[in-house]
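Subject: Structure for your review

Dear colleague,

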Amino acid sequence: MTARTAPAGEETAPALAGVAPAVAARLGKLGIRRSFDLVLHLPLRYEDETVCHPIAQAPRGVDTQVEAVVIESDVKYRPRPQLIARLHDPTGELTVRLLHFYPSQRKQFAPGNRLRLCGEIKGGFFGVEMIHPRVRVVSEGAPLPDRLTPVYPTTAGLSQFALRQAVRGAITREALDDTLPEAVRRRLHLPEFAEAIRLLHDPPPDVPPESLEARTHPSWLRIKFDELLAQQISMRLHRARRDTTSAHPLADSGDLGGRLRAALPFALTEAQERTLREIRQDLARRHPMQRLLQGDVGSGKTVVSALAALIAIGNGFQVAVMAPTEILAEQHYLSFRQWLEPLGIRVVWLSGSLGVRDRRSALEAVESGAAAMAVGTHALFQNAVKFPNLALAIIDEQHRFGVHQRLALRLKGANGDELPHQLMMSATPIPRTLAMSYYADLDVSVIDEMPPGRTPVVTKLLSESRREEVLQFVRDTCATGGQAYWVCPLIEESEQLQLATALETHQTLSAAFEGLRVGLVHGRLPAAEKAAVMHAFQQGEVHLLVATTVIEVGVNVPNASLMVIEHAERMGLAQLHQLRGRVGRGAAESACILLYQQPLSETARARLKIIYEHTDGFLIAQKDLELRGPGEILGARQSGTPMLRFADPVLDVSLLESAREVAQAMLRDHPALAERHLDRWLGGREELLRV
Ligand code: ADP
Ligand code: MG
């Protein structure tokens, strides 16, 4: 559970009804600025103070409550002051130690005082003891509370007591009327908002504690649903706002596209045709497209984006193509140039490694409009490139870019009031549940079909101890005209070490494979050398390519039919899947050998099993999500999505699906309620809305 914190500077003068300014300032640190935020500040857990145990029978080693009378208490210096008290009840004695304490606490332990103490009882040297229990002075026969006590997320200097009071005040003060239409609430079998809120802050004794703990109680479901609903409403509104901005409508005459299709050695798959139609419809509108083109590695996204680019270019506009790595950007440059130049279209390469002169001429070509297309890495687009006429930005592996980079590119392209259309591509198959939660403001097209003629890749899992056999297999493959990749281990802790390992692997393999040419690429290689090695591999002059994970995306060498991945257990599933997608692109039977080091952790074993058993990227991503959780797949912050405090898009997927549908219906049929709902959940938290 991530507690939201307010950005610095916004904590000043929070006006919270019924709360002292000092408390209000601390509440501000928890992101609580309005009285209603307190209503939605829900307990992390509960303490059970409804039962008291006799000292002799109290369970040991777990949270428990006893009631005892102070016999004596004293401050001992050993060497720091400690408060040590002896207490008793009819069944036995108990020592309490406070390692730090306030004067007021000393008074609580005055001899003769009757105390209720909550904490763990441990067997100590001088009998049983409690360290730092929660203490309350009571009179004899005082009734035990009949409710669980809520424990709230808090911050330094803010006591549970103060928080409870503030929350209780807010619940009585605020109107807890429902923002869900009654019919919807009944259909979804959800309790009323007021009922859910009261129950969670102050559960009656008959509520099964596990249902609170696991957050499966209907009241929790209601809160999680409301949170997801607010997220969906906010995303839909954001999207509606997008439709108030404009872009150049791009009609497709089909001329250039037809000429490219005629020159291609293949026909588009049905899935490629369908996604292209979706893109074409978007481009024809006068609002900027924001479409994500998803497709597994090798599904043929590039040619679809090229046909989209031709629509823009056919209308006399420019297209920018951006990729996260130099290798990937260069692959695109080569593809686009090969396809577009025969049509008389100038494509320029804008790389960080260009010489001053080449760079200047590329920039000039873009700025004069002579080049209709520019391809490069993102660094380039942050620099001084000016597009007089940009109408479409194509962004590959978009999840590697932050929202802000995407936005910067978009603004860069703005000419006058028109924003460029955006086509994002991703081979990271985002499971539907995540896409729904995180990309509700994007339209998604999916290429769910592979081009014909691919050979399935056989995956083998081999322990490191069988390295010799693997070497022999690589040797045989290369000796009979095949080519192979050898992927060096990922060493996250040290790039230096990773580089050293790659160099060493290259040396060892060169020595082991006499007569074969062994190449090496890694992230630190100068771009020109990298390009030379890649080119030689492409031409079949290099037989074995030793590589760090830089080849993860974008490399296309159909003759390479074998891949060996060392220390596969260190890599993520998405990464393994992407790597494996580099082979199986030609007619030859292909294999991917995953070498792993024993012993395997349980998660590593589970991961390798998934990649061994499945080839479908979406399925792998879904399993990955189950293993790792969404945060690791898409940094929540980076994706710019309002963070969820209570709901989990994976575990609560059915709630998410209902929320999505209800958001749409509410905006249509009950716009005022929708707005009120949004205000409750996100009001005053504009910074959490998507940019
Ligand atoms: P990705 O979706 O991973 O970016 P690419 O666009 O790089 O995939 O395509 C992989 C390979 O498949 C390229 O060599 C491309 O030319 C080829 N290709 C694309 N579409 C088809 C098709 N319909 N039939 C055959 N080959 C295709
Ligand atoms: Mg690609």
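The notes that follow concern confidence and the ligand site.

This is a predicted model, in which local features need pLDDT of at least 70 and side-chain atom pairs count only at pLDDT 80 or more, while totals for chains, interfaces and linings use all residues. Residues are numbered from 1 along each chain as its sequence is written, chains are lettered from A and ligands numbered from 1 in the order in which they are written, and side-chain values use heavy atoms, with hydrogens and water left out.

The average pLDDT (the predictor's confidence in each residue, from 0 to 100) is 85 for the chain, and 87% of the residues score at least 70. Residues 1-14 have a pLDDT below 50, with 27 contacts (heavy atoms within 4.5 Å) beyond near neighbours in sequence.

Around ligand 1 there are 16 residues (a heavy atom within 4 Å), of which Gly298, Lys301, Thr302, Arg454 and Asn556 come nearest. This shell comprises five nonpolar, seven polar and four charged residues, where Ala, Val, Leu, Ile, Met, Phe, Trp, Tyr, Cys and Pro count as nonpolar, Asp, Glu, Lys and Arg as charged, and the others, Gly among them, as polar.

Polar contacts are pairs of N or O atoms within 3.5 Å. Oxygen atoms of ligand 1 lie 2.8 Å from a side-chain N or O atom of Lys301 and 2.6 Å from one of Thr302.

Notes. Polar contact = N/O pair within 3.5 Å; in protein donor to acceptor, adjacent residues only side chain to side chain.
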